[in-house]
Amino acid sequence: MSEFCYLCGKPMGDSRASGDHVVPVALIARNQPKARGFDYAGKLPTHEECNNRFGPETYMVNALELLEFLAGNNGHSTYQHRTRPEILIQAWDASKLPNFTERVLSFFKLIDVRESDAAAWSEPEFFRDKSRTNPTRDALHVALSVLTKSAAALLIKRKIHTVPPTWQVYAIPYSGATDALDFDHLLGDTKPFEAGVKVWLHQLDGGPDWLVLYRAKSVLVYLIFVFGHHNALATLKEHFPEADIHEFVGTAINDLLTVGWHKV
Ligand SMILES: [Zn+2]
C-alpha cells in the first residue's frame, strides 16, 4: 500500500513522500496524534505535489464556519432589492465571521461593504459586475470534497488496504447537523476523531461497496463508495427521494479537483 500515492494513484517512486493526514488537520483542534477518548487515523503517503494541490482543504474551516453561521438565526437576513426585485441580497454581520479575510471573502464571492457608502450599494448598478453566488452551496461543495477525500483515505487505511484504480462515489451532503445525529446504535460504537467529528464505515451487504457517514461539526455527508456493480443509485433514490444526490467518478481522488461532482 505504501508505494502508491492515494491522491493520484501513481507509484511513489523516488519522489519525496509527504504524509497526508487521513482526517484533515483543519478538523482537529488538539495536536494530533493520540488523545484519550479520541480515535486517531494517522497518515497516508502522498506525493508532496499532490498533497499541496488539494486546495479545498485551505477553506474547510471557513466553509464549516459559514455553514454553522447560516444554519443559525443570528446575523444574516435576505432582502429583495427595492427597485430590482430579481436582485436578492443577503446581508451578513461580519463580526460573526472574524476569520473571513479578504482571500476567503473572494473565494466565496462575498462583497465587503463595510467601507462603502450605503447609497453606493443601494443602486442596482452596483450589482451589474458582481457575480451571483450561493454561499451555502459553495461551502457544502468544499466540505463535500474534503470529507470525501478523508473518507477515501480512511477506507484505504483501515478497510481495503489498496489504492483503487477507479472511484465512483455518491454523496448526499447536509448542513445543520449536531452531536445528536449519531449512528452508533445502527452501525456500532464509534470513537470521535475530535469533538463533533465522527465517521462511520460500514460494508454494504458484506460486498465490495462501502457506506461512509461523515459528520464534521455542522456538516453530515452520506457517502456510498461503489467498487462492485451494486446499483447504489437506485437504492439511494429509494431511501432519499427528496435529496440532492451528487456523483463523482474518477480514476483518482485528485479528480475531485478537476472533474468534481455532478447531480444525478
Ligand atoms: Zn500523487
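# A chat about one predicted chain

Q: Where is Leu-223 placed?
A: Leu-223 sits in strand E8, where helices (H or I, at least four residues) and strands (E, at least two) are DSSP runs numbered from the N terminus. This is a predicted model, in which local features need pLDDT of at least 70 and side-chain atom pairs count only at pLDDT 80 or more, while totals for chains, interfaces and linings use all residues. Residues are numbered from 1 along each chain as its sequence is written, and side-chain values use heavy atoms, with hydrogens and water left out.

Q: Is Leu-223 buried or exposed?
A: Leu-223 is buried, with a relative accessible area of 0%; buried means under 20% relative accessible area, exposed over 50%, and partly exposed in between, using a 1.4 Å probe and protein chains only.

Q: And what is Leu-223 in contact with?
A: Leaving aside neighbours within four places in sequence, Leu-223 is in contact (heavy atoms within 4.5 Å) with Leu-144, Leu-147, Thr-148, Ala-151, Val-169, Tyr-170, Ala-171, Trp-210, Leu-211 and Val-212. As for Pro-24, this residue is 199 residues from Leu-223 in sequence, and the two C-alpha atoms are 17 Å apart in space.

Q: OK, zooming out, how many helices and strands are there?
A: The protein chain has seven helices and 10 strands. The radius of gyration is 20 Å, close to the 18 Å that the globule rule gives for 264 residues, so the chain is as compact as a globular protein of that length. That radius is taken over C-alpha atoms, and the globule rule is 2.2 Å times the number of residues to the power 0.38. Along the principal axes, the C-alpha trace spans about 60 × 45 × 40 Å.

Q: What share of the residues counts as buried?
A: Of the 264 residues in the protein chain, 45% count as buried. If you look at contacts between residues at least 6 apart in sequence, 65% of them join residues at least 24 apart.

Q: Switching to aromatics, how many pairs are there?
A: Rings of Phe, Tyr and Trp (its six-membered ring) pair if their centres lie within 6.5 Å, with planes under 30 degrees apart counting as stacked, over 60 as edge-to-face and the rest as tilted. By this rule there are 14 aromatic pairs. In one of them, the ring centres of Tyr-59 and Phe-107 are 3.7 Å apart and the planes are at 5 degrees, so the pair is stacked.

Q: Where do Tyr-59 and Phe-107 lie?
A: This pair links distant parts of the chain, 48 residues apart, with Tyr-59 in the loop between helix H1 (48-53) and helix H2 (60-71) and Phe-107 in helix H3 (residues 102-107). Tyr-59 counts as buried at 13% relative accessibility, whereas Phe-107 is partly exposed, with a relative accessible area of 33%.

Q: How are the rings of Phe-183 and Trp-200 arranged?
A: Their centres are 5.2 Å apart and their planes are at 80 degrees, so the pair of Phe-183 and Trp-200 is edge-to-face. Phe-183 lies in the loop between strand E5 (167-175) and helix H6 (184-187), and Trp-200 lies in strand E6 (residues 197-203), so the pair ties together parts that are 17 residues apart in sequence.

Q: New topic: what about the phi of Lys-109?
A: Lys-109 has a positive phi of about 55 degrees although it is not a glycine. Most residues other than glycine have a negative phi. Lys-109 lies in the loop between H3 and helix H4 (118-122) and is partly exposed, with a relative accessible area of 37%.

Q: And Lys-217, what is its phi?
A: Lys-217 has a positive phi of about 55 degrees and is not a glycine either. The loop between strand E7 (210-216) and strand E8 (219-225) holds Lys-217, which counts as partly exposed at 31% relative accessibility.

Q: Last one: where is Ser-145 found?
A: Ser-145 is found in helix H5 (residues 135-160), and at 7% relative accessibility Ser-145 counts as buried. Leaving aside neighbours within four places in sequence, Ser-145 is in contact with Phe-54, Leu-256 and Trp-261. Pro-56 is 89 residues from Ser-145 in sequence, and their C-alpha atoms are 7.2 Å apart in space.
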